[in-house]
Each structure stands twice: as structure tokens, then as C-alpha cells.
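Please read them with the structure open.

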Amino acid sequence: MEDSSTPTFMEVPFQKKDSVHPRTLTDEDRDRLKKQDDKIVSDFKQQKLEKEAQRNWDLFYKRNSTNFFKDRHWTAREFAELANSQKDAPLVLLEAGCGVGNFLFPLLQENPSLFIHACDFSPRAVQFVKDNPRCAPDRCNAFQCDLTKDDLRANVPAASVDMATLIFVLSALHPDTMPRALENIHRVLKPGGCVLFRDYGLYDHAMFRFAPGHKLADSFYVRQDGTRAYYFSTDELAKLFTAAGFSVVSNEYVLRETVNKKEGLCVPRVFVQGKFVKKTQTGQNHEIPGTEQDENRTSSVDDTEEHSCNT
């Protein structure tokens, strides 16, 4: 966990920079990346981490219960589709990687016509969701699932989901297994259904915090608690989704700076955010409500998303 002496930072609004990476590396940044290459995690340990991935996330939720992440009240503002869904017809959403419900429960409260299928790798996290009094069976179906191995259709009917979310989830998977997770989601989405995506971006500040001995591969690292994090470029993200049968609606870097004026520190956070649509049989995409956006607008997200164990 982050040390209690970590300085408190003041948030500065996001600025979107389309597909152009918003951060220029300094000599110090390059030196840190070079030092990380001096000690790569061994193949044996990497195989062990893959085998114990579920256990490590379960232990994470055992230690932190429901207290680690803030409720994500920003998602409906950031993704207009969630706010602009039709109120006179039920909307079915899949939250892949629901954790303990920080996205799920605020969204159910904000949208009374919504039904959510919510799954997570961690059985303990899913149990926290089920035990929450806000988890009503007529509005939420919570279940444990490994997106890389378990068929979602065992719990979600094929081609029945209007939208799916991957919010800081894909980065926790081994890069070799990411295509399987996206194909799994693709099967339960309706033609024209979309995936709303947000995750760590290449050269995010957290990427430079890893000491030698924590790098697994390019852009892929392990934290002290055994959980892993991948840092995406927009190019590779587009290739992943396109190969899985999606069209790219939007795919951009999001830059945010957290500032501590007293300490004189400025921390650049870089995320990737996108919308990807399941192609119809003719290859055409249905119109997605709420996608008309000003590309130069300033984002209104008001919380920092980071699993910040010491590295």
C-alpha cells in the first residue's frame, strides 16, 4: 500500500490529446526505464505469477475489503452513453472486472432502467458485491469469472448486452491473454454494442515508480503484492480491439497532472480512454447515443485511479 507519508496532491483537470501522446520523456525518465531493463523478472517467477493471479487479487480484497477504491461517480459524465441511455427501455450492461462495486452501485442509482451483469476474477470481490444491500437480483447479476478462460455465456446470454465496460481491468491481464478476454466480451455483446474502456497509458507516472526487478516485459510490471499492470499505447489498443472484431469509435490519451504546491511536485498521470463497437454482420455499426463530443473539451473526471502498492 502507499506509505502514509506520501504527499497529498491537488488534482488538475484532464486534458485530451487525441492519439498523440501527451508526455515528453525527460533524461531522468529514460534513465529510469533503462535501469528497469537491468533486472527483468525470471520466466519461472512470471509463470508463478500467472498461476497465482487469482489468489493475489483475492488477497488484495481480503486486505482492503471495500475501502481501497473510491466510488466511480465520474463514469456517467465521462461516457455519455451511460447517461444518455433510453429511460423507457431497459439497458443491459456488462461490467467486466467489477471489483467490489465502486462503478456498479453509483451507476445503478443514477440510471433506474439499467440492468448490470457484473463479474470479477476474485471470488472475494464478487461476494462483497452480493453482500451489498444495494445488489438487487432484479437489477444485478454478480458472478465470478476469469475472462481469459471462462465462457461469459455461462452467465450472460449470447448477443444480449448493449454495452460493456473495461475500467482499469485489461491492464491486470497478461498481454498474451488479452485477446481472449476481448473475444469473450464480443460474444455477449449485441451487434452494434460498444465497449467503454479506460486504463493505464504508456509513460504514466506509476510506470516510472517500479524499481528494477519488477519489470515483466515491455510496458508490463508486477507490484509488490503480486498483482500486475500493463501500460497501453493507443496504437496497440486499437490493434487488440480490431483483431477481436471491433471498430474503433474513439481511442485517445488522457493527461492529468497532480500537484503538491508545498513540495513543488508535479506528477503526470497518463490514461487511455476509448469506445469500441462490435461490428454487425454487414460490417456497419449502429449509431451509439451520446457519442457526439467536443474533441477539445476538458474532462470532468474527479478521482485518480491507481492500485498504488510500493514498488
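1. In helix 10 (residues 234-243), the buried residues are Thr 234, Leu 237, Ala 238, Leu 240 and Phe 241. Buried means under 20% relative accessible area, exposed over 50% and partly exposed in between (1.4 Å probe, protein chains only). Helices (H or I, at least four residues) and strands (E, at least two) are DSSP runs, numbered from the N terminus. Viewed down the axis of helix 10, its buried residues fall within an arc of 160°, so they line one face of the helix; the arc is that of the directions from the helix axis to the C-beta atoms.

2. The face of helix 10 turned away from the buried side carries exposed Asp 235, Lys 239 and Ala 243. Gly 245, with a positive phi near 100°, follows helix 10.

3. This is a predicted model, in which local features need pLDDT of at least 70, side-chain atom pairs count only at pLDDT 80 or more, and totals for chains, interfaces and linings use all residues. Residues are numbered from 1 along each chain as its sequence is written, and side-chain values use heavy atoms, with hydrogens and water left out.

4. Pro 268 is found in strand 12 (residues 265-278) and is buried, with a relative accessible area of 16%. Pro 268 and Pro 22 lie 246 residues apart in sequence and 9.7 Å apart in space, C-alpha to C-alpha. Beyond its neighbours within four places in sequence, Pro 268 is in contact (heavy atoms within 4.5 Å) with residues including Arg 23, Asp 204 and His 205.
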